[in-house]
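I opened this notebook to keep track of what I looked up, one feature at a time. The entries follow the order in which I turned to each topic.

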Amino acid sequence: MSTKDTGHFSSRIGFIMAAAGSAVGVGNIWGFPTQAATHGGGAFLLVYLVLIFILGYPMLVAELMIGRHGQTNPADAMAKLGSSSLSRGLGKAIGFASIITATLICTFYSILSGWFVSFTLAPIAQLMGSESLAQWLMAFSLERNLLFSLLFMLMVVLVIRQGVQQGIELWSKRLMPLLLVILVLGVGYILMQPGASEGLKVLLLPNFDNIWEPQVLIGALGQTFFSLTVGTGAMMVYGAYLNQQENVAKLTAYVTLTDTCVAFLAALMIIPAMYVAHHNGVEIFAEDGSLLNADTLVFTVLPALFDSLGGNLGQIIAIIFFILMTIAGLTSAISIVEVPTSYMVEKTKINRHRATYLVGTVIALLAAIMVFNFDALFGLVITLTTERAQPFIALGIALYTGWVWHRNSLLSSIAAQEGANLKGFFWRIWPIYVKYVCPVLILAIILQLLTA
């Protein structure tokens with residue numbers, strides 16, 4: 001069975017919502033503001049925007065093109081680009097590495113998103129008068145982490161088992177507009193609070209001296225790949241579910257624009273919120289000026305901010321905010337879990353329902369191991385996947401798209417798209433750009449990663 005037998009997106013907006021949902025996730029609403037706050041605000045934002053444009057977008061086009069050309073899982077789609085047994089074998093290895101990376105990302109993702117679910121329920125418990133339950137929901141514990149990571153994975157599995165149109169597409173159309181509405185309302189509310197203007201200055205006025213700092217470049221690259229799910233195979237799978245006539249360049253532009261806007265809106269909400277919290281007496285900076293609890297920013301500073309608002313208002317805003325975070329986690333996790341699921345459906349005789357439950361169980365078990373060994377594994381897996389594996393996989397994808405994919409086959413795939421003009425500026429430049437510029441950029445940043 002091939003991926004195309006499992007269904008296609010029924011509409012253009014369905015694909016855009018699903019692909020944007022894949023890109024718009026915890027990486028945007030948790031990762032981006034945290035990275036921006038840690039690495040100089042505006043300087044990080046500027047580097048991120050440049051990398052999205054010169055690297056993220058063309059690489060996203062490449063993944064979608066490979067997926068649609070192959071009409072199959074990432075391992076076999078990459079193998080189809082090769083013309084010899086060696087190149088096909090290496091291509092399959094790169095594609096399979098993206099499947100493994102996606103699976104590992106799901107482990108820490110389910111734990112992180114499980115926290116969002118528990119933090120959504122905590123203020124509800126407070127409103128109902130159960131302070132002890134609220135404290136348990138917000139306190140870091142093995143039991144809570146295990147319960148809610150499993151609960152979150154079950155939510156993901158229940159969506160994916162329904163297939164492309166009735167599962168992924170249907171829920172993306174529901175969740176993405178809701179996410180955007182909540183985010184815009186959140187930005188509007190925070191910016192009206194005293195102290196927010198300080199956060200705006202930090203975000204919008206870059207210190208250009210910070211732009212070339214290795215940690216800013218490394219953080220921005222990791223955020224670019226993690227945010228757009230480049231190197232996980234998710235976009236190859238979604239590309240396989242695309243109609244052959246769809247214009248990939250235009251669709252990718254919509255997805256990239258949506259993703260970048262959400263990341264910016266999230267930063268526009270969370271970084272000013274930090275300074276609102278600071279104005280309200282919440283301690284957010286250490287004596288040396290560094291950010292306290294950078295990695296757990298949304299779990300420490302923001303709940304403290306909501307508490308400082310007093311009464312039921314703070315609890316209601318906390319519920320709305322963590323619903324937003326849960327939706328962001330869910331839309332991304334759906335696409336990432338679909339990567340190993342699509343592979344399982346194609347490579348075995350197991351039907352989609354059973355394959356989804358099997359993949360979900362494996363990820364849940366891996367997440368449980370991580371919960372039991374949290375200090376040793378959580379940060380390590382995040383670093384290995386987002387800062388190590390994804391850039392190397394992206395390098396392999398760029399090299400295969402530019403150097404291995406036969407030019408006539410690539411041009412035929414481009415020409416089949418509705419409205420694609422082979423003599424137009426984008427499609428004349430893009431194959432050359434992916435062949436020469438993207439590998440050089442990725443290699444330069446990988447070297448920076450390895451020497452940092």
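This is a predicted model: local features need pLDDT of at least 70, side-chain atom pairs count only at pLDDT 80 or more; totals for chains, interfaces and linings use all residues.

**Entry 1, Thr 120.** I began with Thr 120, which counts as buried at 10% relative accessibility (buried means under 20% relative accessible area, exposed over 50%, and partly exposed in between, with a 1.4 Å probe and protein chains only). Thr 120 is found in helix 5, where helices are DSSP runs of H or I with at least four residues, numbered from the N terminus. I then looked up Ala 134, which is 14 residues from Thr 120 in sequence and 9.9 Å from it in space, C-alpha to C-alpha.

Residues are numbered from 1 along each chain as its sequence is written, and side-chain values use heavy atoms, with hydrogens and water left out.

I found a nonpolar surface patch of about 540 Å², made by Phe 96, Ile 100, Leu 104, Leu 358, Val 362, Leu 366 and Ile 369. Such a patch takes residues with over 30% relative accessible area and no salt bridge, and joins nonpolar side chains (Val, Leu, Ile, Met, Phe, Trp, Tyr) within 5 Å; a salt bridge is a side-chain nitrogen of Lys or Arg within 4 Å of a carboxyl oxygen of Asp or Glu. The areas come from the Shrake-Rupley method with a 1.4 Å probe. Helix 5 (85-127) and helix 15 (352-372) each supply at least two residues, and helix 15 gives the most, with 4. Phe 96, which lies in helix 5, is partly exposed at 37% relative accessible area.

I turned to helix 18 (residues 425-451), whose 27 residues reach 37 Å from first C-alpha to last, close to the 39 Å expected (1.5 Å times one less than the number of residues). Helix 18 bends by about 50 degrees at Tyr 433, the bend being the angle between axes fitted to the seven residues ending there and the seven starting there. Its buried residues include Trp 427, Trp 430, Pro 431 and Cys 438.

How many disulfides does a search of the whole structure find? The search finds 0, taking a disulfide as a pair of cysteine sulfur atoms within 2.5 Å. I also checked Cys 106, buried at 3% relative accessibility, and Cys 438, buried with a relative accessible area of 0%.

Met 235 and Gly 67 are 168 residues apart in sequence, yet 7.2 Å apart in space, C-alpha to C-alpha.

Technical notes: Patches are made of residues with over 30% relative accessible area and no salt bridge: like charges are joined within 9 Å, nonpolar side chains (Val, Leu, Ile, Met, Phe, Trp, Tyr) within 5 Å.
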